Amino acid sequence: MAQLWGGRFTKETDQLVYNFNASITFDQKFYRQDIKGSIAHVKMLAASGILTEEEKDQILAGLSGILRDVEEGTLEISSKYEDIHSFVEATLIDRIGDAGKKLHTGRSRNDQVALDMKLYIRDEIGEMKELLITLMKVLQRIMEENVDTYMPGFTHLQKAQPLTLAHHIGAYMEMFKRDFGRLFDIYDRMNYCPLGSGALAGTTYPLDREMTASLLSFYGPTLNSMDSVADRDYLIELLSAMSTIMMHLSRFCEEIIIWNTNEYQFVDIDDAYSTGSSIMPQKKNPDIAELVRGKTGRVYGALMSILTTMKGLPLAYNKDMQEDKELTFDAIDTVKGCLALFTGMVDTMSFRKKVMADSAKNGFTNATDAADYLVNHGVPFRDAHGIVGRLVLTCIHKGISLDELSLEEYKEISPVFEEDIYEAISLKTCVEKRNTIGAPGQEAMRKVIEINRAFLEEISC
């Protein structure tokens, strides 16, 4: 058992206790961040006169060698060490001798792990933002190609009013734009450096915390050493934001699953993102969409776990906080994987435009526009509502749509109707006359598409 402490103890740690306490099996993910943070720390120690230039050069060369060897696979991170910090420091001492023993001057594992986690999360936020950008570019393409692809809009899973595929996809575009903004906000709020806070009360060494923060591209140092080592707010925020991303993906997947059913047939999921049945040869299952929907609960669970872990912890550091890592790592991997697979599925998915348009016609989605027609001809809205309700009932009995009723049948229910009713309730008219910003009409949609294009250009720079 290789550990960085023990002078105060007279007995070896029980092996089961050691195994239970150790974190090397999962915090080895931090090896890059741990070495990067140590390099900045050593440069600062030398600049502050705490290390000599020779000691600095020895330690930096040793750390760089460890990083190179781990990445090339010639140095294995061993589970005989308690954590990644122990592994790096012990390996350094083995390689360069006494100079390596000065690496830990002016810091604690408490502020070290806080730094490693922030550096790791910062990198992962960058990767998630890139995945969201890729997804939004796919959605933007679909919107641009489908400003005149008519389909039913739904409330309560009942056909409500006609709109376009571009408008429907645009709703998810807005969700993912907000998700991107949340990640940006989290990065902005968390980007302060905890290194130099020590175990909880700072240090007597003349550390230049501003220099360390600058070397590691933080905005500056954290301002309270107790909060620095006890803060996990940024993880809670990240897990909350990732839960929201998964919720949006899950809602989208649910609709794709519905649209993919034999009853709807709005979409055709590419074979590469579908699976078959071991017994039913006709089946083509939307397994990727279902798995993304299912994995949403996994990310929610991580959020609830860390909230529960943190809710009763006194200041400052407590070992409970070690529980933040595995669940966060798993949630990040889950979200990244789901974003990548979902993007591929949507990018290769084809839309059955005629089926969608026919569904809008046959679902009385133009009933509201028929009522508006009457209102525009002087009929009070409440009376118009009742008249159109009777028209819909007639169509149901006949098994036809409003477009298929004869003018005589219209006039039997209300003499106000004239030949222009058919133009008034066509899908094109129903959609195109709705052109306030945010509505599905082409003029309004093209404005939104242009806004989205500018947004994507800005965040892709």
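Contact here means heavy atoms within 4.5 Å of each other, and the structure to which that criterion is applied is a predicted model.

With that criterion in hand, one can begin at the pairing of helix α11, residues 287-310, with helix α12, residues 324-348. On the α11 side the contact involves Ile288, Ala289, Val292, Lys295, Arg298, Val299, Ala302, Ser305 and Ile306, and these meet Asp324, Leu327, Asp330, Ala331, Thr334, Val335, Cys338, Leu341 and Met345 of α12. Sorted by class, the residues of this contact comprise 12 nonpolar, two polar and four charged. The axes of α11 and α12 are 9 Å apart and the packing angle is about 155°, which makes the two helices roughly antiparallel, since an angle over 145 degrees counts as such. The crossing of α11 and α12 is left-handed.

Between these two helices runs a loop, and Ala316 has its place there. The peptide bond that joins Leu315 to Ala316 is cis, with an omega of about 5°.

Helix α12 also packs against helix α10, residues 233-259, and here the axes are 10 Å apart at an angle of about 30°. Because angles under 35 degrees count as roughly parallel, α10 and α12 are placed in that category. The crossing of α10 with α12 is left-handed. From α10 the contact draws on Leu235, Leu238, Leu239, Met242, Ile245, Met246, Leu249, Phe252, Cys253 and Ile256, while α12 contributes Asp324, Leu327, Thr328, Ala331, Ile332, Val335, Cys338, Leu339, Phe342, Met345 and Val346. The class count for this contact is 19 nonpolar residues, one polar and one charged. Reading the two contact lists of α12 side by side, one finds residues that occur in both, among them Asp324, Leu327, Ala331, Val335, Cys338 and Met345.

A further helix pair is formed by α3, residues 31-47, and α5, residues 84-96, whose axes come within 10 Å and cross at roughly 55°. At that angle α3 and α5 are therefore oblique to each other, and their crossing is right-handed. The residues that make this contact are Tyr31, Asp34 and Ile35 from α3, together with Ile84, His85 and Val88 from α5. By class they divide into four nonpolar, one polar and one charged.

Tyr192 belongs to the loop between α7 (165-190) and α8 (209-215), whereas Tyr219 belongs to the loop between α8 and α9 (225-230), so the pair ties together parts that are 27 residues apart in sequence.

Two local features complete the tour. His156 is not a glycine, yet its phi is positive, at about 55°, and this residue is placed in the loop between strands β1 (150-155) and β2 (158-164). Glu409, for its part, is found in helix α16, residues 407-413, where a polar atom of its side chain lies 2.8 Å from the backbone nitrogen of Ser406. Leaving aside residues up to four places away in sequence, Glu409 touches Leu391 and Lys398.

Terms used: Residues are numbered from 1 along each chain as its sequence is written. This is a predicted model: local features need pLDDT of at least 70, side-chain atom pairs count only at pLDDT 80 or more; totals for chains, interfaces and linings use all residues. Side-chain values use heavy atoms; hydrogens and water are left out. Axes are lines fitted to C-alpha atoms, for helices over the stretch in contact, and angles run from 0 to 180 degrees between N-to-C directions. Helices (H or I, at least four residues) and strands (E, at least two) are DSSP runs, numbered from the N terminus. Angles under 35 degrees count as roughly parallel, over 145 as roughly antiparallel, 65 to 115 as roughly perpendicular and the rest as oblique. A crossing is left-handed if the near helix is turned anticlockwise from the far one by less than a right angle, and right-handed if clockwise. Ala, Val, Leu, Ile, Met, Phe, Trp, Tyr, Cys and Pro count as nonpolar, Asp, Glu, Lys and Arg as charged, and the others, Gly among them, as polar. A polar contact is a pair of N or O atoms within 3.5 Å; within protein, one must be able to donate a hydrogen and the other to accept it, and residues adjacent in sequence count only if both atoms are side-chain atoms.
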